[in-house]
Amino acid sequence: MALTKIMGEHFRAFVGGAAVPEATNCQVTIQGNVEDGSTKDSVGGWNEEQMTSKQWSVQVDNVDASLANLRALITRFNSDTKTTVGWDQTAGAQNRVAQQAAFARSGQAILNDLSIQAGNRQIIQVSCQYQGSGALA
């Protein structure tokens, strides 16, 4: 069986149902928080970990420094409104067409970190981190 891999340009973040335009990087973090569940009945020297909570986040960097985009991001941050955020494999026009891959997931998330880096005579870099609120689907 041949090993199939996807390249980074085909792994895209989606916010509000659309691929983030002009993205340069995407990072997905899925984390489980565990706690030692060992008891006096446990045998051996190993901890018996139990999952106590789960969390997820998506960070996406882009170079869309249009006034409309910056205004929309600041408004989204100030509103604390949840929006649908996820990831999928992409193809088609500008690699923005979702392929509904087996690993694709989405959920409700809050924009909890917005960073705009504007160096002199350089393209503005925008970085957004969305913190998941609830389960992934």
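Guide: Glu49 lies in strand β4 (residues 49–62). This is a predicted model, where local features need pLDDT of at least 70 and side-chain atom pairs count only at pLDDT 80 or more, while totals for chains, interfaces and linings use all residues. Residues are numbered from 1 along each chain as its sequence is written, and side-chain values use heavy atoms, without hydrogens or water.

Visitor: Why is Glu49 called partly exposed?

Guide: Its relative accessibility is 44%. Buried means under 20%, exposed means over 50%, and partly exposed lies in between (1.4 Å probe, protein chains only). Glu49 therefore counts as partly exposed.

Visitor: Which residues gather with Glu49 in a patch of negative charge?

Guide: Glu35, Asp36 and Glu48 gather with Glu49 on the surface. Patch members have over 30% relative accessible area and no salt bridge; like charges are joined within 9 Å, nonpolar side chains within 5 Å. A salt bridge needs a side-chain nitrogen of Lys or Arg within 4 Å of a carboxyl oxygen of Asp or Glu. Asp and Glu count as negative.

Visitor: How many aromatic pairs does the structure hold?

Guide: Two. Phe11 and Phe103 form a stacked pair, with 5.6 Å from centre to centre and 10 degrees between the planes.

Visitor: Why is the pair of Phe11 and Phe103 called stacked?

Guide: Rings pair if their centres lie within 6.5 Å; planes under 30 degrees apart count as stacked, over 60 as edge-to-face, and the rest as tilted. At 5.6 Å and 10 degrees, Phe11 and Phe103 are a stacked pair.

Visitor: What does this pair tie together?

Guide: Phe11 lies in strand β1 (residues 11–15), and Phe103 lies in the loop between β6 (97–98) and β7 (105–117), so the pair ties together parts 92 residues apart in sequence. Phe11 has 25% relative accessibility, so it is partly exposed. Phe103 has 32%, so it is also partly exposed.

Visitor: What makes the pair of Trp56 and Trp87 edge-to-face?

Guide: Their ring centres are 6.4 Å apart and their planes stand at 65 degrees, so the pair is edge-to-face. Trp56 in strand β4 and Trp87 in strand β5 (residues 83–91) are 31 residues apart, and their pair links distant parts of the chain.

Visitor: Are Trp56 and Trp87 buried or exposed?

Guide: Trp56 has a relative accessible area of 4%, so it is buried. Trp87 is at 6%, so it is buried.

Visitor: What is the phi of Gln100?

Guide: Phi of Gln100 is near 50 degrees, a positive value in a residue other than glycine. Gln100 sits in the loop between β6 and β7. At 72% relative accessibility, Gln100 counts as exposed.

Visitor: And what is the phi of Arg121?

Guide: Arg121 has a positive phi of about 60 degrees, although it is not a glycine. Its place is the loop between β7 and β8 (125–132). With a relative accessible area of 83%, Arg121 is exposed.

Visitor: Why is Ile110 called partly exposed?

Guide: Its relative accessible area is 26%, so Ile110 counts as partly exposed. Ile110 lies in strand β7. Ile110 and Val15 are 95 residues apart in sequence and 11 Å apart in space, C-alpha to C-alpha.

How values were computed. Accessible areas come from the Shrake-Rupley method with a 1.4 Å probe; for residues, only the protein chains shown count as cover. The place of a charge is taken as NZ of Lys, CZ of Arg, CG of Asp or CD of Glu. Helices (H or I, at least four residues) and strands (E, at least two) are DSSP runs, numbered from the N terminus. Rings of Phe, Tyr and Trp (its six-membered ring) pair if their centres lie within 6.5 Å; planes under 30 degrees apart count as stacked, over 60 as edge-to-face and the rest as tilted.
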